[in-house]
Amino acid sequence: MAADDVKPNEQIHPGKPVIVDRYTVGARINHWITAASLILLALSGLAMFHPSLFFLSRLFGGGQFTRFIHPWIGVVLFFSFLGLFLRFWKANLWRRGDGTWLARFRDVLANHEDNAPEVGKYNAGQKLVFWSMSVLIVILISSGLVAWDQYFSQYTTIDQKRVAILVHSIAAVAIIGVWIVHFYSAIWVRGTIPAMTRGRVTGGWAWRHHRKWLRELVAKSSKGAGPSGSKPAE
Amino acid sequence: MFPPLPNPSTTETAPRLSEKDLIRRSASTVPAPEQRLTEVAKLIDVSKCIGCKACQTACIEWNDTHPEVGAFAGAFENPPDLTPDMFTLMRYSEWDNPETNELEWLIRKDGCMHCADPGCLKACPAPGAIVQYSNGIVDFVHENCIGCGYCIKGCPFNIPRISKVDHTAYKCTLCSDRVAVGQGPACAKACPTQAIVFGTKDEMKGWAAKRVEDLKSRGFLNAGLYDPPGVGGTHVMYVLHHADQPEIYSGLPKDPRISPLVEAWKGVTKYAGLTVLGVAAGVGLLHHLIMGPNRVSEADEEHAEELTEGDSHGRR
(Lines give C-alpha, C1' and ligand atoms only; values in the text may rest on other atoms or scores of the structure.)
Protein backbone atom coordinates (compact mmCIF):
# COMPACT_ATOMS: atom_id res chain seq x y z
CA MET A 1 0.00 0.00 0.00
CA ALA A 2 1.00 3.54 -0.48
CA ALA A 3 1.66 4.14 3.15
CA ASP A 4 4.31 6.68 2.20
CA ASP A 5 1.52 9.14 1.55
CA VAL A 6 0.76 9.46 5.22
CA LYS A 7 3.24 11.24 7.41
CA PRO A 8 3.32 10.73 11.18
CA ASN A 9 2.46 14.37 11.88
CA GLU A 10 -0.72 14.29 9.78
CA GLN A 11 -3.63 14.02 12.19
CA ILE A 12 -7.37 14.05 11.87
CA HIS A 13 -9.31 16.27 14.23
CA PRO A 14 -12.94 15.09 14.28
CA GLY A 15 -15.61 17.74 14.49
CA LYS A 16 -17.80 19.81 12.26
CA PRO A 17 -16.13 20.11 9.89
CA VAL A 18 -13.43 17.56 10.27
CA ILE A 19 -9.98 19.17 10.17
CA VAL A 20 -7.01 17.37 8.66
CA ASP A 21 -3.37 18.40 9.10
CA ARG A 22 -1.61 18.59 5.74
CA TYR A 23 1.62 20.56 6.10
CA THR A 24 3.91 21.13 9.07
CA VAL A 25 5.16 24.59 9.99
CA GLY A 26 8.58 23.66 8.59
CA ALA A 27 7.13 22.58 5.25
CA ARG A 28 5.07 25.75 5.01
CA ILE A 29 7.99 28.08 5.76
CA ASN A 30 10.06 26.10 3.30
CA HIS A 31 7.33 26.42 0.68
CA TRP A 32 6.92 30.17 1.07
CA ILE A 33 10.64 30.86 0.89
CA THR A 34 10.66 28.88 -2.35
CA ALA A 35 7.57 30.69 -3.60
CA ALA A 36 8.98 34.14 -2.85
CA SER A 37 12.29 33.29 -4.54
CA LEU A 38 10.55 31.89 -7.60
CA ILE A 39 8.42 35.01 -8.01
CA LEU A 40 11.38 37.36 -7.51
CA LEU A 41 13.39 35.28 -9.99
CA ALA A 42 10.60 35.44 -12.54
CA LEU A 43 10.28 39.22 -12.19
CA SER A 44 14.02 39.93 -12.35
CA GLY A 45 14.55 37.35 -15.08
CA LEU A 46 11.73 38.64 -17.25
CA ALA A 47 13.24 42.13 -16.94
CA MET A 48 16.37 40.81 -18.65
CA PHE A 49 14.41 38.58 -21.05
CA HIS A 50 12.26 41.00 -23.02
CA PRO A 51 12.81 44.74 -23.51
CA SER A 52 9.13 45.48 -22.92
CA LEU A 53 9.54 44.03 -19.42
CA PHE A 54 12.78 45.84 -18.58
CA PHE A 55 10.77 48.23 -16.39
CA LEU A 56 10.47 45.36 -13.88
CA SER A 57 14.14 45.98 -13.04
CA ARG A 58 12.99 49.12 -11.20
CA LEU A 59 11.43 46.85 -8.57
CA PHE A 60 14.97 45.79 -7.76
CA GLY A 61 16.53 49.24 -7.82
CA GLY A 62 17.69 49.30 -11.42
CA GLY A 63 19.34 47.07 -13.99
CA GLN A 64 22.71 46.71 -12.28
CA PHE A 65 21.15 45.48 -9.03
CA THR A 66 18.72 43.21 -10.89
CA ARG A 67 21.67 41.60 -12.69
CA PHE A 68 23.52 41.22 -9.38
CA ILE A 69 20.70 39.83 -7.25
CA HIS A 70 19.03 37.44 -9.73
CA PRO A 71 21.65 34.65 -9.47
CA TRP A 72 21.79 34.91 -5.70
CA ILE A 73 18.02 34.50 -5.42
CA GLY A 74 18.54 31.50 -7.68
CA VAL A 75 20.91 29.99 -5.15
CA VAL A 76 18.33 30.54 -2.38
CA LEU A 77 15.66 28.93 -4.55
CA PHE A 78 17.81 25.93 -5.29
CA PHE A 79 18.50 25.09 -1.66
CA SER A 80 15.00 25.97 -0.56
CA PHE A 81 13.50 23.74 -3.23
CA LEU A 82 15.94 21.00 -2.30
CA GLY A 83 14.31 21.08 1.14
CA LEU A 84 10.86 20.71 -0.42
CA PHE A 85 12.12 17.94 -2.65
CA LEU A 86 13.43 15.93 0.28
CA ARG A 87 10.13 16.41 2.11
CA PHE A 88 7.80 15.56 -0.75
CA TRP A 89 9.52 13.26 -3.25
CA LYS A 90 8.23 10.00 -1.81
CA ALA A 91 4.61 11.05 -1.89
CA ASN A 92 5.12 12.19 -5.47
CA LEU A 93 6.32 8.86 -6.84
CA TRP A 94 4.20 7.71 -9.75
CA ARG A 95 1.68 5.09 -8.63
CA ARG A 96 -0.93 2.86 -10.16
CA GLY A 97 -4.01 4.95 -10.78
CA ASP A 98 -2.10 8.07 -11.71
CA GLY A 99 -2.25 7.16 -15.38
CA THR A 100 -6.00 6.59 -15.20
CA TRP A 101 -6.46 9.84 -13.33
CA LEU A 102 -4.54 11.67 -16.03
CA ALA A 103 -6.60 9.95 -18.74
CA ARG A 104 -9.72 11.34 -17.04
CA PHE A 105 -8.22 14.81 -16.75
CA ARG A 106 -11.02 16.26 -18.90
CA ASP A 107 -13.53 15.14 -16.28
CA VAL A 108 -11.44 16.72 -13.54
CA LEU A 109 -11.35 20.02 -15.40
CA ALA A 110 -15.10 19.79 -15.94
CA ASN A 111 -15.66 19.52 -12.18
CA HIS A 112 -16.45 15.77 -12.42
CA GLU A 113 -13.57 14.60 -10.31
CA ASP A 114 -15.68 11.65 -9.14
CA ASN A 115 -15.13 9.93 -12.47
CA ALA A 116 -11.39 9.77 -11.80
CA PRO A 117 -9.84 7.25 -9.42
CA GLU A 118 -9.41 8.16 -5.76
CA VAL A 119 -6.28 10.11 -5.12
CA GLY A 120 -3.61 9.82 -2.42
CA LYS A 121 -1.82 12.83 -0.97
CA TYR A 122 -1.11 14.12 -4.48
CA ASN A 123 -2.93 13.67 -7.74
CA ALA A 124 -1.16 12.99 -11.03
CA GLY A 125 -1.31 16.66 -12.00
CA GLN A 126 0.36 17.73 -8.76
CA LYS A 127 3.00 15.07 -9.25
CA LEU A 128 3.71 16.35 -12.75
CA VAL A 129 4.05 19.88 -11.36
CA PHE A 130 6.42 18.58 -8.69
CA TRP A 131 8.65 16.67 -11.08
CA SER A 132 8.66 19.41 -13.74
CA MET A 133 9.67 21.93 -11.09
CA SER A 134 12.42 19.58 -9.87
CA VAL A 135 13.86 18.95 -13.33
CA LEU A 136 13.54 22.58 -14.46
CA ILE A 137 15.21 23.92 -11.31
CA VAL A 138 18.19 21.63 -11.88
CA ILE A 139 18.40 22.83 -15.50
CA LEU A 140 18.03 26.47 -14.44
CA ILE A 141 20.67 26.39 -11.70
CA SER A 142 23.22 24.62 -13.89
CA SER A 143 22.68 26.82 -16.96
CA GLY A 144 22.47 29.83 -14.67
CA LEU A 145 25.89 29.13 -13.18
CA VAL A 146 27.39 29.03 -16.69
CA ALA A 147 25.86 32.44 -17.44
CA TRP A 148 26.91 33.92 -14.07
CA ASP A 149 29.79 35.90 -15.52
CA GLN A 150 30.78 37.68 -12.34
CA TYR A 151 32.18 34.51 -10.78
CA PHE A 152 32.20 31.79 -13.40
CA SER A 153 33.00 33.44 -16.73
CA GLN A 154 36.44 31.86 -17.01
CA TYR A 155 35.24 28.25 -16.73
CA THR A 156 33.27 28.01 -19.97
CA THR A 157 33.65 29.00 -23.60
CA ILE A 158 31.49 31.65 -25.19
CA ASP A 159 29.70 29.00 -27.25
CA GLN A 160 28.85 27.06 -24.09
CA LYS A 161 27.54 30.29 -22.56
CA ARG A 162 25.33 30.83 -25.61
CA VAL A 163 23.84 27.35 -25.26
CA ALA A 164 23.41 27.94 -21.51
CA ILE A 165 21.57 31.22 -21.88
CA LEU A 166 19.24 29.78 -24.53
CA VAL A 167 18.49 26.73 -22.39
CA HIS A 168 18.08 28.99 -19.36
CA SER A 169 15.50 31.19 -21.04
CA ILE A 170 13.50 28.27 -22.45
CA ALA A 171 13.53 26.51 -19.06
CA ALA A 172 12.51 29.78 -17.40
CA VAL A 173 9.52 30.14 -19.69
CA ALA A 174 8.61 26.52 -18.95
CA ILE A 175 8.86 26.93 -15.18
CA ILE A 176 6.75 30.09 -15.21
CA GLY A 177 4.21 28.08 -17.19
CA VAL A 178 4.29 25.31 -14.59
CA TRP A 179 3.94 27.95 -11.90
CA ILE A 180 0.83 29.32 -13.63
CA VAL A 181 -0.66 25.80 -13.54
CA HIS A 182 0.28 25.43 -9.86
CA PHE A 183 -1.05 28.86 -8.90
CA TYR A 184 -4.27 28.50 -10.86
CA SER A 185 -4.99 25.06 -9.41
CA ALA A 186 -4.56 26.41 -5.90
CA ILE A 187 -7.12 29.16 -6.55
CA TRP A 188 -9.53 27.13 -8.63
CA VAL A 189 -9.74 24.29 -6.13
CA ARG A 190 -11.22 26.23 -3.22
CA GLY A 191 -10.02 25.30 0.23
CA THR A 192 -6.50 24.50 -0.97
CA ILE A 193 -4.72 27.67 0.16
CA PRO A 194 -5.22 27.00 3.92
CA ALA A 195 -3.12 23.84 3.46
CA MET A 196 -0.09 26.06 2.91
CA THR A 197 -1.09 28.91 5.22
CA ARG A 198 -2.46 27.34 8.38
CA GLY A 199 -1.34 23.85 7.43
CA ARG A 200 -4.77 22.24 7.54
CA VAL A 201 -7.68 21.44 5.26
CA THR A 202 -11.25 20.42 5.96
CA GLY A 203 -12.26 16.77 5.86
CA GLY A 204 -14.61 17.61 3.01
CA TRP A 205 -11.73 18.93 0.93
CA ALA A 206 -9.71 15.80 1.63
CA TRP A 207 -12.72 13.60 0.80
CA ARG A 208 -13.36 15.44 -2.45
CA HIS A 209 -9.82 15.69 -3.75
CA HIS A 210 -7.61 13.21 -1.89
CA ARG A 211 -9.97 10.51 -0.71
CA LYS A 212 -7.40 7.75 -0.60
CA TRP A 213 -5.15 9.88 1.55
CA LEU A 214 -8.06 10.60 3.92
CA ARG A 215 -8.92 6.90 4.12
CA GLU A 216 -5.32 6.07 4.92
CA LEU A 217 -5.21 8.71 7.64
CA VAL A 218 -8.41 7.37 9.15
CA ALA A 219 -7.10 3.82 8.94
CA LYS A 220 -3.89 4.87 10.61
CA SER A 221 -5.55 6.68 13.49
CA SER A 222 -7.92 3.75 14.09
CA LYS A 223 -4.93 1.47 14.53
CA GLY A 224 -4.53 3.19 17.89
CA ALA A 225 -2.98 6.54 18.17
CA GLY A 226 0.47 5.07 18.47
CA PRO A 227 3.38 7.01 19.88
CA SER A 228 2.63 10.09 17.83
CA GLY A 229 -0.60 10.72 19.77
CA SER A 230 -2.49 13.83 18.83
CA LYS A 231 0.43 16.05 18.06
CA PRO A 232 -0.67 19.21 16.29
CA ALA A 233 1.14 20.24 13.15
CA GLU A 234 4.57 20.81 14.62
CA MET B 1 50.60 57.37 -49.18
CA PHE B 2 47.13 58.00 -47.89
CA PRO B 3 46.59 61.66 -46.94
CA PRO B 4 47.28 61.79 -43.19
CA LEU B 5 44.61 62.85 -40.76
CA PRO B 6 44.57 66.61 -40.25
CA ASN B 7 45.56 68.04 -36.92
CA PRO B 8 42.68 69.32 -34.82
CA SER B 9 41.74 72.92 -35.31
CA THR B 10 42.21 75.28 -32.41
CA THR B 11 38.69 76.63 -32.67
CA GLU B 12 35.96 74.89 -30.78
CA THR B 13 33.80 72.53 -32.84
CA ALA B 14 30.36 71.35 -31.84
CA PRO B 15 30.19 67.53 -31.71
CA ARG B 16 28.55 66.15 -34.81
CA LEU B 17 27.37 62.88 -33.29
CA SER B 18 24.24 62.98 -31.19
CA GLU B 19 21.15 61.00 -30.23
CA LYS B 20 19.63 62.12 -33.53
CA ASP B 21 22.16 60.08 -35.44
CA LEU B 22 21.25 56.75 -33.89
CA ILE B 23 20.06 54.03 -36.23
CA ARG B 24 19.90 51.31 -33.57
CA ARG B 25 19.50 51.40 -29.80
CA SER B 26 19.61 48.22 -27.73
CA ALA B 27 16.31 46.89 -26.31
CA SER B 28 14.44 49.87 -27.71
CA THR B 29 13.60 51.56 -30.96
CA VAL B 30 14.71 54.86 -32.42
CA PRO B 31 13.07 56.94 -35.11
CA ALA B 32 14.94 56.80 -38.42
CA PRO B 33 17.38 59.72 -38.54
CA GLU B 34 16.43 62.57 -40.84
CA GLN B 35 19.88 62.67 -42.30
CA ARG B 36 22.29 59.80 -42.52
CA LEU B 37 25.94 60.52 -41.87
CA THR B 38 28.54 59.20 -44.26
CA GLU B 39 29.72 55.78 -43.17
CA VAL B 40 33.24 55.80 -41.80
CA ALA B 41 35.73 52.98 -41.54
CA LYS B 42 39.12 52.14 -40.17
CA LEU B 43 41.32 50.12 -42.47
CA ILE B 44 44.02 47.98 -40.90
CA ASP B 45 46.61 46.90 -43.42
CA VAL B 46 48.16 43.86 -41.81
CA SER B 47 50.89 43.72 -44.44
CA LYS B 48 52.18 47.11 -43.34
CA CYS B 49 52.06 46.53 -39.60
CA ILE B 50 55.41 46.37 -37.81
CA GLY B 51 53.92 45.39 -34.44
CA CYS B 52 55.20 48.43 -32.57
CA LYS B 53 52.07 48.76 -30.40
CA ALA B 54 51.95 52.53 -30.83
CA CYS B 55 48.21 52.05 -31.49
CA GLN B 56 47.76 50.31 -28.14
CA THR B 57 49.60 53.09 -26.37
CA ALA B 58 47.61 55.79 -28.15
CA CYS B 59 44.41 53.95 -27.24
CA ILE B 60 45.34 53.85 -23.57
CA GLU B 61 46.33 57.53 -23.66
CA TRP B 62 43.22 58.79 -25.37
CA ASN B 63 40.73 56.66 -23.46
CA ASP B 64 42.60 57.28 -20.21
CA THR B 65 42.50 53.63 -19.18
CA HIS B 66 44.97 52.27 -16.67
CA PRO B 67 45.86 48.68 -17.53
CA GLU B 68 47.66 46.82 -14.81
CA VAL B 69 51.33 46.11 -15.28
CA GLY B 70 51.21 42.42 -16.20
CA ALA B 71 53.63 39.53 -16.13
CA PHE B 72 55.51 38.21 -19.14
CA ALA B 73 53.59 35.22 -20.46
CA GLY B 74 56.10 34.06 -23.06
CA ALA B 75 54.42 35.79 -25.98
CA PHE B 76 54.56 39.13 -27.74
CA GLU B 77 51.01 39.99 -26.77
CA ASN B 78 50.90 42.48 -23.97
CA PRO B 79 48.55 42.14 -22.17
CA PRO B 80 47.80 38.52 -23.14
CA ASP B 81 44.20 39.33 -24.05
CA LEU B 82 41.80 42.24 -24.45
CA THR B 83 40.72 43.61 -21.08
CA PRO B 84 38.24 46.24 -19.88
CA ASP B 85 41.26 48.60 -19.91
CA MET B 86 42.76 47.46 -23.22
CA PHE B 87 40.37 48.03 -26.11
CA THR B 88 42.82 47.01 -28.80
CA LEU B 89 45.55 44.40 -28.85
CA MET B 90 48.30 43.44 -31.27
CA ARG B 91 48.09 39.71 -31.80
CA TYR B 92 51.12 37.91 -33.19
CA SER B 93 51.19 34.59 -34.91
CA GLU B 94 54.06 32.71 -36.50
CA TRP B 95 52.85 30.91 -39.56
CA ASP B 96 54.69 28.38 -41.69
CA ASN B 97 53.65 29.07 -45.24
CA PRO B 98 53.41 25.55 -46.71
CA GLU B 99 53.85 26.87 -50.26
CA THR B 100 57.06 28.79 -49.73
CA ASN B 101 58.31 26.97 -46.63
CA GLU B 102 58.91 30.36 -45.13
CA LEU B 103 57.98 31.59 -41.69
CA GLU B 104 55.61 34.51 -41.80
CA TRP B 105 55.02 36.78 -38.87
CA LEU B 106 51.37 37.78 -38.99
CA ILE B 107 50.45 40.69 -36.77
CA ARG B 108 46.85 41.70 -36.39
CA LYS B 109 45.45 44.57 -34.40
CA ASP B 110 42.43 43.05 -32.66
CA GLY B 111 39.46 45.06 -31.41
CA CYS B 112 35.85 45.89 -32.11
CA MET B 113 34.93 45.55 -35.78
CA HIS B 114 31.91 47.89 -35.58
CA CYS B 115 29.66 45.46 -37.46
CA ALA B 116 26.82 46.80 -39.55
CA ASP B 117 24.70 44.09 -37.90
CA PRO B 118 26.09 44.13 -34.34
CA GLY B 119 25.53 40.95 -32.32
CA CYS B 120 26.30 42.75 -29.06
CA LEU B 121 23.49 45.20 -29.65
CA LYS B 122 21.10 42.44 -30.61
CA ALA B 123 21.83 40.52 -27.40
CA CYS B 124 21.77 43.54 -25.06
CA PRO B 125 18.74 43.59 -22.70
CA ALA B 126 19.32 47.10 -21.31
CA PRO B 127 17.63 49.94 -23.24
CA GLY B 128 20.22 52.27 -24.69
CA ALA B 129 23.30 50.52 -23.34
CA ILE B 130 24.54 49.84 -26.88
CA VAL B 131 23.90 52.24 -29.74
CA GLN B 132 24.77 52.37 -33.41
CA TYR B 133 25.26 55.69 -35.17
CA SER B 134 24.40 56.21 -38.81
CA ASN B 135 28.12 56.60 -39.57
CA GLY B 136 28.56 52.96 -38.53
CA ILE B 137 30.10 53.37 -35.07
CA VAL B 138 28.80 50.95 -32.43
CA ASP B 139 29.20 52.43 -28.97
CA PHE B 140 28.58 51.33 -25.39
CA VAL B 141 26.75 53.78 -23.14
CA HIS B 142 28.02 52.98 -19.69
CA GLU B 143 25.33 54.61 -17.59
CA ASN B 144 22.75 52.29 -19.19
CA CYS B 145 24.85 49.11 -19.00
CA ILE B 146 23.79 46.55 -16.40
CA GLY B 147 26.88 44.34 -16.69
CA CYS B 148 25.04 41.14 -17.65
CA GLY B 149 27.59 40.07 -20.26
CA TYR B 150 25.00 39.32 -22.95
CA CYS B 151 27.05 41.40 -25.42
CA ILE B 152 29.90 38.92 -24.97
CA LYS B 153 27.55 36.12 -26.06
CA GLY B 154 26.25 38.18 -28.97
CA CYS B 155 29.64 39.22 -30.35
CA PRO B 156 31.00 37.00 -33.16
CA PHE B 157 34.54 38.36 -32.57
CA ASN B 158 34.89 37.91 -28.77
CA ILE B 159 35.53 41.59 -28.09
CA PRO B 160 33.57 43.06 -25.14
CA ARG B 161 35.00 42.72 -21.64
CA ILE B 162 33.19 43.40 -18.36
CA SER B 163 35.00 45.54 -15.83
CA LYS B 164 35.30 44.07 -12.34
CA VAL B 165 35.42 47.64 -11.07
CA ASP B 166 32.24 49.26 -12.34
CA HIS B 167 30.58 46.10 -13.78
CA THR B 168 29.95 47.55 -17.21
CA ALA B 169 31.17 46.38 -20.61
CA TYR B 170 34.07 48.00 -22.44
CA LYS B 171 35.39 47.90 -25.99
CA CYS B 172 36.82 50.09 -28.73
CA THR B 173 34.60 53.12 -29.42
CA LEU B 174 36.25 53.83 -32.78
CA CYS B 175 37.07 57.04 -30.89
CA SER B 176 33.49 58.20 -31.39
CA ASP B 177 34.32 61.29 -29.34
CA ARG B 178 37.17 62.19 -31.74
CA VAL B 179 35.21 61.31 -34.87
CA ALA B 180 32.37 63.52 -33.59
CA VAL B 181 34.65 66.56 -33.97
CA GLY B 182 36.16 65.58 -37.29
CA GLN B 183 39.16 63.71 -35.93
CA GLY B 184 40.26 60.16 -36.67
CA PRO B 185 40.80 57.41 -34.10
CA ALA B 186 43.81 57.77 -31.80
CA CYS B 187 45.34 54.51 -33.05
CA ALA B 188 45.25 55.66 -36.68
CA LYS B 189 46.81 58.97 -35.66
CA ALA B 190 49.65 57.19 -33.89
CA CYS B 191 50.44 54.52 -36.46
CA PRO B 192 53.91 55.21 -37.89
CA THR B 193 53.56 53.12 -41.04
CA GLN B 194 50.00 53.94 -42.09
CA ALA B 195 49.01 50.37 -41.40
CA ILE B 196 45.94 52.01 -39.83
CA VAL B 197 44.11 54.57 -41.92
CA PHE B 198 40.75 56.16 -41.37
CA GLY B 199 38.19 57.77 -43.65
CA THR B 200 34.82 57.14 -45.21
CA LYS B 201 33.95 53.52 -45.84
CA ASP B 202 34.06 54.09 -49.60
CA GLU B 203 37.46 55.77 -49.42
CA MET B 204 38.78 52.89 -47.35
CA LYS B 205 37.47 50.29 -49.80
CA GLY B 206 39.13 52.20 -52.65
CA TRP B 207 42.41 52.45 -50.75
CA ALA B 208 42.23 48.78 -49.86
CA ALA B 209 41.74 47.87 -53.52
CA LYS B 210 45.01 49.62 -54.35
CA ARG B 211 46.81 47.90 -51.52
CA VAL B 212 45.45 44.50 -52.60
CA GLU B 213 46.59 45.13 -56.15
CA ASP B 214 50.05 46.06 -54.89
CA LEU B 215 50.24 42.93 -52.72
CA LYS B 216 49.17 40.74 -55.63
CA SER B 217 51.92 42.23 -57.79
CA ARG B 218 54.36 41.18 -55.07
CA GLY B 219 53.23 37.56 -55.20
CA PHE B 220 50.51 37.52 -52.55
CA LEU B 221 47.93 36.16 -54.95
CA ASN B 222 45.27 35.64 -52.26
CA ALA B 223 45.55 39.14 -50.87
CA GLY B 224 42.18 40.73 -50.20
CA LEU B 225 39.93 42.89 -48.11
CA TYR B 226 38.26 41.52 -44.98
CA ASP B 227 34.82 43.10 -44.78
CA PRO B 228 32.72 40.06 -43.78
CA PRO B 229 29.20 40.09 -45.28
CA GLY B 230 27.88 37.70 -42.59
CA VAL B 231 27.63 40.66 -40.19
CA GLY B 232 26.58 43.11 -42.90
CA GLY B 233 30.15 44.31 -43.40
CA THR B 234 32.24 46.02 -40.76
CA HIS B 235 33.50 49.50 -40.07
CA VAL B 236 36.90 48.18 -39.16
CA MET B 237 38.35 46.28 -42.10
CA TYR B 238 41.57 44.42 -42.70
CA VAL B 239 43.81 44.11 -45.71
CA LEU B 240 45.15 40.56 -45.44
CA HIS B 241 47.90 39.03 -47.55
CA HIS B 242 46.16 35.67 -47.15
CA ALA B 243 42.52 36.73 -47.27
CA ASP B 244 41.52 33.17 -48.22
CA GLN B 245 42.47 31.96 -44.74
CA PRO B 246 41.78 34.66 -42.14
CA GLU B 247 42.00 32.09 -39.31
CA ILE B 248 45.81 32.14 -39.51
CA TYR B 249 45.72 35.71 -38.22
CA SER B 250 45.26 34.66 -34.58
CA GLY B 251 41.85 33.15 -35.21
CA LEU B 252 40.12 35.85 -37.22
CA PRO B 253 36.80 34.14 -38.08
CA LYS B 254 36.42 33.16 -41.72
CA ASP B 255 32.69 33.76 -41.98
CA PRO B 256 31.61 35.60 -38.83
CA ARG B 257 27.90 35.83 -38.15
CA ILE B 258 25.71 36.26 -35.12
CA SER B 259 25.45 32.77 -33.62
CA PRO B 260 22.17 31.00 -34.50
CA LEU B 261 21.87 30.30 -30.76
CA VAL B 262 21.80 34.03 -30.08
CA GLU B 263 19.33 34.57 -32.95
CA ALA B 264 17.07 31.87 -31.48
CA TRP B 265 17.38 33.29 -27.98
CA LYS B 266 16.65 36.87 -29.01
CA GLY B 267 14.16 35.92 -31.69
CA VAL B 268 11.71 33.06 -31.50
CA THR B 269 12.29 32.28 -27.79
CA LYS B 270 11.52 35.82 -26.75
CA TYR B 271 8.26 36.08 -28.65
CA ALA B 272 7.08 32.47 -28.39
CA GLY B 273 7.94 32.47 -24.68
CA LEU B 274 5.80 35.45 -23.79
CA THR B 275 3.01 34.14 -26.03
CA VAL B 276 3.01 30.74 -24.30
CA LEU B 277 2.82 32.39 -20.88
CA GLY B 278 0.09 34.76 -21.98
CA VAL B 279 -1.94 31.89 -23.42
CA ALA B 280 -1.45 29.80 -20.24
CA ALA B 281 -2.71 32.65 -18.07
CA GLY B 282 -5.59 33.29 -20.49
CA VAL B 283 -6.65 29.64 -20.53
CA GLY B 284 -6.71 29.63 -16.73
CA LEU B 285 -8.85 32.74 -16.63
CA LEU B 286 -11.20 31.38 -19.27
CA HIS B 287 -11.53 28.05 -17.48
CA HIS B 288 -12.44 29.84 -14.29
CA LEU B 289 -15.01 31.99 -16.04
CA ILE B 290 -16.64 28.98 -17.68
CA MET B 291 -16.35 26.29 -15.03
CA GLY B 292 -16.38 28.42 -11.90
CA PRO B 293 -14.54 27.48 -8.72
CA ASN B 294 -14.22 23.89 -7.61
CA ARG B 295 -15.90 24.11 -4.18
CA VAL B 296 -16.17 21.51 -1.44
CA SER B 297 -19.82 20.64 -0.94
CA GLU B 298 -21.75 20.01 2.27
CA ALA B 299 -22.03 16.39 1.18
CA ASP B 300 -18.24 16.13 1.01
CA GLU B 301 -17.94 17.40 4.58
CA GLU B 302 -20.61 14.96 5.73
CA HIS B 303 -18.85 12.05 4.03
CA ALA B 304 -15.65 13.01 5.82
CA GLU B 305 -17.47 13.25 9.13
CA GLU B 306 -19.04 9.83 8.63
CA LEU B 307 -15.70 8.35 7.75
CA THR B 308 -13.99 9.74 10.84
CA GLU B 309 -17.00 9.15 13.15
CA GLY B 310 -17.31 5.52 12.14
CA ASP B 311 -13.78 5.15 13.11
CA SER B 312 -13.08 7.41 16.06
CA HIS B 313 -14.97 5.28 18.62
CA GLY B 314 -12.70 4.53 21.46
CA ARG B 315 -10.16 7.01 20.36
CA ARG B 316 -10.37 10.24 22.49
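**Entry 1: chain A, overview**

I counted the elements of chain A first: its secondary structure comes to 10 helices and 3 strands. Helices (H or I, at least four residues) and strands (E, at least two) are DSSP runs, numbered from the N terminus. I note that this is a predicted model, in which local features need pLDDT of at least 70, side-chain atom pairs count only at pLDDT 80 or more, and totals for chains, interfaces and linings use all residues. Residues are numbered from 1 along each chain as its sequence is written, while chains are lettered from A and ligands numbered from 1 in the order in which they are written.

I took the extent of the C-alpha trace of chain A along its principal axes, about 60 × 40 × 30 Å. Of the 234 residues in chain A, 38% are buried (20 or more other C-beta atoms within 10 Å of the residue's own, with C-beta atoms placed from the backbone; exposed means 12 or fewer, partly exposed in between). I then looked at contacts in chain A between residues at least 6 apart in sequence, and 69% of them join residues at least 24 apart. A contact here means C-beta atoms, placed from the backbone, within 7 Å.

**Entry 2: the sheet of chain A**

I found an open sheet of 3 strands in chain A, in the order 1-2-3 and with antiparallel pairing (two strands pair if DSSP finds at least two bridges between them). Strand 1 (12–13) and strand 3 (200–202) of chain A are the edge strands, each pairing on one side only. Strand 1 of chain A meets strand 2 (residues 19–21) of chain A over 2 bridges, in the antiparallel sense. Within strand 2 of chain A, I19(A) is the residue opposite H13(A).

**Entry 3: the sheet of chain B**

I checked confidence before going on: the mean pLDDT of chain B is 94, with 98% of its residues at 70 or more. pLDDT is the predictor's confidence in each residue, from 0 to 100. For the complex, the predictor gives an ipTM of 0.91 and a pTM of 0.91.

Strand 10 of chain B pairs with strand 11 (residues 236–240) of chain B in the antiparallel sense over 3 bridges. Y226(B) stands opposite Y238(B) in strand 11 of chain B.

Technical notes
Two residues are in contact if their C-beta atoms, placed from the backbone, lie within 7 Å.
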